[in-house]
Amino acid sequence: MAKKIVEEVVSHDEHHHVENFWTKYIFSMDHKMIGKQFLITGMFMGVVGVFMSMLFRLQLAWPNEKFVILESILGKWAPEGQMDPNIYLALVTIHGTIMVFFVLTAGLSGTFSNLLIPLQIGARDMASGFLNMLSYWFFAASSVVMITSLFVETGPASGGWTVYPPLSALPQAMPGSGAGMTLWLVSMTLFIAGSLLGSLNYIVTIINLRTRGMSMVRLPLTIWAFFVTAILGVLSFPVLLSAALLLMFDRLLGTSFYLSDIMVAGELLHNEGGSPVLYEHLFWFLGHPEVYIILLPALGITSEVIATNSRKPIFGYRAMVGSILAIAFLSFIVWGHHMFITGMNPFLGSVFTFTTLLIAIPSAVKAFNYITTLWKGNIQFTPAMLFSIGLVSTFVAGGLTGIILGDSALDINVHDTYFVVAHFHIVMGLSAIFGMFAGVYHWFPKMYRRMMNKSMGYLHFWLTFVSAYGVFFPMHFTGLAGLPRRYYSNAEFPMFDELQDINVIITMFAIFGGIAQLIFLFNFFYSMWRGPVAPKNPWRSNTLEWTTPVEHIHGNWKGEIPAVHRWPYDYSKPGHEEDFVPQSTPRLKDEPGH
Amino acid sequence: MTGLLLALVLFLLVFAAAQIIRIYELSVKASNRDEYVVTNKDNSNQGRLMLVFGIALLVSFVVMAIAWNPLALPKPSSLHGVEIDRLWDVSMGLIVVTFFIVQPILFWFAYKYRGKEGQKASYVEHNNNLEFVWTIIPAIVLAGLIVYGMTTWSNIWNPELDEEPIVIEIYGKQFGWTARYAGSDNTLGNANVRLIEGVNVIGVDTLDPASHDDIVTSELHLPVDKPIKFVFRAQDVIHSAYMPHFRAQMNCVPGAQTSFQFTPTITTEEIRTDPDVIKKVERINKIRLASGKEFYEYDYLLLCNKVCGSAHYNMQMSLIVETEAEYTNWLSEQKTVKESI
């Protein structure tokens with residue numbers, strides 16, 4: 001079956017070459033172009049999301065100062081440069097939504113799943129190029145709707161990125177729950193549709209279109225990560241869709257799924273019998289797997305980058321695959337740790353504590369395996385490698401505090417404080433964004449046929465790494481002082497007065513780190529047009545994508561797709577001249593190994 | 001005019017940048033090197049930077065801990081809070097130790113095994129013994145933490161009490177808190193937002209006899225060393241009643257009733273004489289004095305910790321723990337529902 005499809009694609013490829021601007025760049029069905037579309041859109045959204053964080057950090061550091069620049073950016077939301085509490089909440093909400101979904105889900109997994117799945121498994125393209133194109137355009141449409149929501153009269157959604165009802169269901173409760181919230185839900189619905197189309201495509205492609213010899217245990221860990229991520233997405237995103245639809249019904253049709261006995265702004269509502277906690281369950285049933293939908297691709301990329309640049313096999317390949325599967329399985333039965341203090345039955349609290357802390361075991365295995373891969377390596381510090389090592393550091397630093405937050409008894413007192421903000425930004429935000437940067441630096445030559453500038457990459461990494469820790473490490477301490485998140489200002493509580501210095505430090509690092517990203521943006525666009533032309537295999541890597549020609553061609557390989565004879569991690573293997581042995585290299589006589 | 005000047009400056013900047021880039025490109029061309037290839041020098045520089053960063057990370061961690069740990073919440077003022085803090089210390093201890101083992105190894109390896117020309121990496125695929133060890137050790141440690149955590153959690157929910165807890169309702173709405181004491185029968189009368197009318201701001205059912213002795217207040221007074229059972233309600237959106245000094249927090253959910261129970265152990269008077277608290281208050285007042293704000297006296301607080309709208313950041317209620325005599329006295333001065341509605 002698989003062979004037949006391959007033949008069809010080959011013949012399809014041969015007499016289908018007339019491309020114009022529209023079919024090549026806009027409505028492309030080529031996975032490489034779609035990957036790049038995801039990346040550019042994700043980067044645009046990333047700039048918006050990071051910029052928002054810089055704005056609200058200004059407010060947090062200097063709550064009573066007036067910044068003229070705020071008025072020119074936010075208009076009526078910052079009269080005379082004093083930020084309005086409503087827009088503060090809106091910025092926080094949209095920052096979270098954009099970073100979690102648009103940058104780290106679509107931008108990360110969308111980019112690299114599309115780019116790498118066909119290239120690394122040896123396929124001409126995705127199983128369905130058309131669905132793939134649709135998946136991008138749903139994402140693009142959802143981005144447009146999300147950006148549009150910033151400009152409505154009552155402001156964008158403002159109830160936090162989790163948009164818990166009743167706050168998000170009642171326009172009377174806050175301005176952001178008006179039209180902005182409706183657009184948020186429309187945007188997420190489109191987003192989920194796109195994500196599902198993409199994920200189904202990835203799964204089918206990986207199962208059916210692997211080239212000869214590419215057994216599952218010879219897949220690069222990137223592909224394993226994308227594969228499991230796609231399965232997570234298919235199983236969990238529909239639940240978020242149902243949560244969003246029910247919320248839409250409550251908002252627009254007067255149903256009471258999440259609403260009961262409410263009097264808001266002096267008005268008694270008719271709703272009865274609903275429960276906001278139902279929404280929380282549905283939301284976090286996606287929300288927690290979502291953390292791994294974000295993280296696993298980053299870990300997959302890191303596995304690949306660390307092995308290649310240590311010039312060593314990834315340590316414990318099977319354990320790495322096993323831990324991906326274990327993490328994925330566990331991620332479905334831990335959502336309740338976001339809800340320890342919602343009034344959920346305390347017995348459930350115990351169960352979720354148990355399952356949550358179990359995740360630390362496969363996570364620890366992954367961290368140790370990365371570190372052991374470095375051991376006795378011959379480390380080549382490419383910018384991608386620096387970001388991957390950075391990822392391991394943040395994954396450990398942020399993962400450890402998960403042991404505290406996953407423990408129901410401890411969560412009581414730090415729930416929704418800055419301790420949580422520190423934890424998830426380090427373990428999920430930083431790790432994933434570092435993985436994404438590593439991926440961009442590593443596969444840039446595969447995407448744009450040119451090399452990115454190394455020195456700018458180094459500078460970018462160090463400035464980012466320092467400011468990332470500078471932003472999020474101090475937040476643990478404000479959390480320990482009991483400072484709640486999503487406070488527009490701490491000035492109303494004298495007990496938090498002594499935290500203001502920390503807030504100023506955090507903001508300075510945030511602005512510094514944000515500006516440092518300009519180096520990356522410049523490097524990216526500059527190299528796209530003027531970087532040195534890439535050789536075929538610049539990192540001397542084993543995986544199949546480096547056997548394709550530098551010029552992009554529809555169908556990826558001229559002539560036959562190479563067959564695979566070994567696993568992707570034969571680096572520095574004894575008995576071979578070079579310190580890498582591409583997967584397409586036939587085995588020597590009596591050669592041991594995979 | 002300013003716009004024109006700005007445009008000119010911008011143009012000149014871009015022009016200058018373009019020139020610098022061109023010079024750079026020419027120099028790269030002249031030196032005939034491939035800019036992206038990682039050289040021996042790069043590896044040794046970056047490896048060293050890794051080591052420096054690793055050390056700096058650990059040092060800055062220590063510095064932050066010394067400088068900012070005193071800012072943390074003072075000792076817990078509740079029975080179960082002591083247990084939580086003990087569990088916290090054990091967990092945090094393990095975390096910090098792990099952090100100080102794993103991070104140095106990571107950065108040390110990055111430095112130690114930085115690439116050198118002509119060197120070849122060792123071909124090590126896996127090692128079952130090693131992998132077994134680092135699966136089983138975390139598993140054992142976590143098993144301990146899980147059991148400890150679950151025990152603590154269960155103790156919090158099922159405390160051993162030798163007396164009936166005092167029932168108090170905490171009622172949240174945008175953007176303030178109200179308390180309702182159950183009165184002499186220690187039973188709260190029914191209530192529903194549908195019954196809100198006039199002075200009956202939290203919708204007490206005045207037809208329910210149990211409600212007659214209920215007492216509605218805007219301040220929260222608690223007797224020391226008496227178990228308190230809080231029940232929580234919300235009028236409009238989800239709020240979260242956060243009492244950080246007691247290590248207590250519970251969401252207030254519209255249409256549902258939640259509850260949490262604890263025993264305060266230190267009165268407001270007493271905590272103000274705690275040496276850590278005195279130092280804290282001194283630091284805070286120094287800051288407040290400099291910015292001309294009024295003098296601060298240490299107080300317990302109930303604050304909202306679930307985003308609930310524009311004034312979420314200022315939704316608070318003062319909370320006073322006092323002796324039983326003071327408490328009874330204060331309560332007897334408050335009006336019951338029957339008297340006020």
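Start by selecting strand S5 of chain B, residues 228–234; strands here are DSSP runs of E with at least two residues, helices are runs of H or I with at least four, and both are numbered from the N terminus. S5(B) is mostly covered, with five of its seven residues buried (buried means 20 or more other C-beta atoms within 10 Å of the residue's own, exposed means 12 or fewer, partly exposed is in between, and C-beta atoms are placed from the backbone). A word on what you're looking at: this is a predicted model, where local features need pLDDT of at least 70, side-chain atom pairs count only at pLDDT 80 or more, and totals for chains, interfaces and linings use all residues. Residues are numbered from 1 along each chain as its sequence is written, while chains are lettered from A and ligands numbered from 1 in the order in which they are written.

Strand S1 (166–173) of chain B runs parallel to S5(B), joined by seven bridges; look for B:Val167 opposite B:Lys229. S8(B) runs antiparallel to S5(B), with five bridges, and there B:Val231 has B:Ser259 as its bridge partner. Two strands count as paired if DSSP finds at least two bridges between them.

Show the whole sheet next: it is open and mixed, five strands in the order S3-S2-S1-S5-S8. S3 (215–217) and S8 (258–262) sit at the edges with a single partner strand each, so one side of each has no neighbour in the sheet. From one strand to the next the twist averages 25° (axes are lines fitted to C-alpha atoms, and angles run from 0 to 180 degrees between N-to-C directions).

Zoom out and colour chain B by domain: domain 1 is 7–35, domain 2 is 38–113 + 129–157, and domain 3 is 166–340, with bounds from an automatic or database assignment. The C-alpha centres of domains 1 and 3 are 65 Å apart.

Turn to the interface. There, 103 residues of chain A are in contact with 97 of chain B (C-beta atoms, placed from the backbone, within 7 Å). Helix H13 (383–405) of chain A gives the largest share of chain A's side, 10 residues.

Last stop: helix H17 of chain A, residues 500–530, which has 31 residues and spans 45 Å from first C-alpha to last, close to the 45 Å expected at 1.5 Å times one less than the residue count. Its buried residues include A:Ile502, A:Phe509, A:Gly513 and A:Phe520. Among the elements covering them are H3 (31–61) of chain A and H2 (40–68) of chain B.

Conventions: Two residues are in contact if their C-beta atoms, placed from the backbone, lie within 7 Å.
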